[in-house]
Amino acid sequence: MSGMDLDEHLAAIQSGDPVAFGRWIASTEPTLRLTLRSFAAVVDVEAILQETLLRVWQVAPRFLPDGEPNSLFRLTVRMARNLAVSELRRGGAHRLQELTDERADAIPALTVNPPDPLLRRRIEKCQNELPTKPGMALRARLASDGTEPDDVLAARLSMRVNTFLQNVTRARRLLEECLSLHGVDLTGELP
Amino acid sequence: MSPPPLTPEDVLLVEAATSAFRSTDREGLTFHPAWYDLPPDGRYAAFDATVKSRKLESALDPEGLSSTARAVLGRIGHTG
């Protein structure tokens, strides 16, 4: 779904409403992440993305929209690219020119996929068909919400970290195969 | 010419790097240790696996939030 103006959340975000910020992130994160793919070999995009979102939350109260749709998103894309370039400079970049040329590209159109209850049920069904240990490992990863490292999750399941990672990898592969049999493709936006 | 397939060790590093957990230092969030050990092709593989994973997570979440979103909200003190 494109053509939405996610600045509708801006006033609430600026007043410090984390629920509104969560809604805004849910809508912008996929497109924001894809804009950073060209940096994937030279920076850890996940860290850049989270750090950018934390900074956006901090600067949002002082942000003045330019009157065009999705102004906060456009600011965020610029901040994310600038942060990626800063990290690249810190690490002694060889491909800086190539990547900064790409920075000059237009801000991408925002594509928002609203929640799909049918897709959710299909994923849950495929998840329930996973073998025990891969299923446990994947569920632990999903439930952790990025707040715990894998060694903690593995220890909770009485697994070694490598065994845990092997189980998560296997679970993902089986889940993708199951979803693919039902016409669901998770690779949609990837080049 | 397509890149060589990832080694079994790299496959585990890719999986490790798809986690949304990132620790912090004085300057902010740090890169995942597994990311440093990956070759360039492995880093792209980790990026692509993360895209798929976040799609799965947000599809399963009642509020459409991925683990990235949840991690960020957790850091600003919202655990909703």
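Biologist: How much area is buried between chain B and chain A?

Modeller: The model is predicted; local features need pLDDT of at least 70, side-chain atom pairs count only at pLDDT 80 or more, and totals for chains, interfaces and linings use all residues. Side-chain values use heavy atoms, without hydrogens and water. Buried area is the accessible area (1.4 Å probe) that two parts lose on being put together, summed over both. Carbon and sulfur atoms give 66% of the area buried here, which is about 4,700 Å².

Biologist: Which residues in chain B lose the most area to chain A?

Modeller: Three stand out, together giving 14% of what that side buries. They are B:Glu15, B:Phe47 and B:Leu60.

Biologist: Which residue forms a salt bridge with B:Lys52?

Modeller: A salt bridge needs a side-chain nitrogen of Lys or Arg within 4 Å of a carboxyl oxygen of Asp or Glu. The count between chain B and chain A is 6. For B:Lys52, the closest N and O atoms are 3.1 Å apart, and the partner is A:Glu176.

Biologist: At what angle do helix H6 and helix H9 of chain A pack?

Modeller: Helices are DSSP runs (H or I, at least four residues), numbered from the N terminus. Axes are lines fitted to C-alpha atoms over the stretch in contact, and angles run from 0 to 180 degrees between N-to-C directions. H6 of chain A spans residues 117–128 and H9 of chain A residues 161–181, with axes 9 Å apart. Their angle is about 130 degrees.

Biologist: Which residues in H9(A) meet H6(A)?

Modeller: Contact means heavy atoms within 4.5 Å. From H6(A) come A:Arg122, A:Ile123, A:Cys126 and A:Gln127. In H9(A) they meet A:Leu175, A:Cys178 and A:Leu179.

Conventions
Residues numbered from 1 in each chain as written. Chains lettered and ligands numbered in written order. Helix = DSSP H or I, 4+ residues; strand = E, 2+ residues; numbered from the N terminus.
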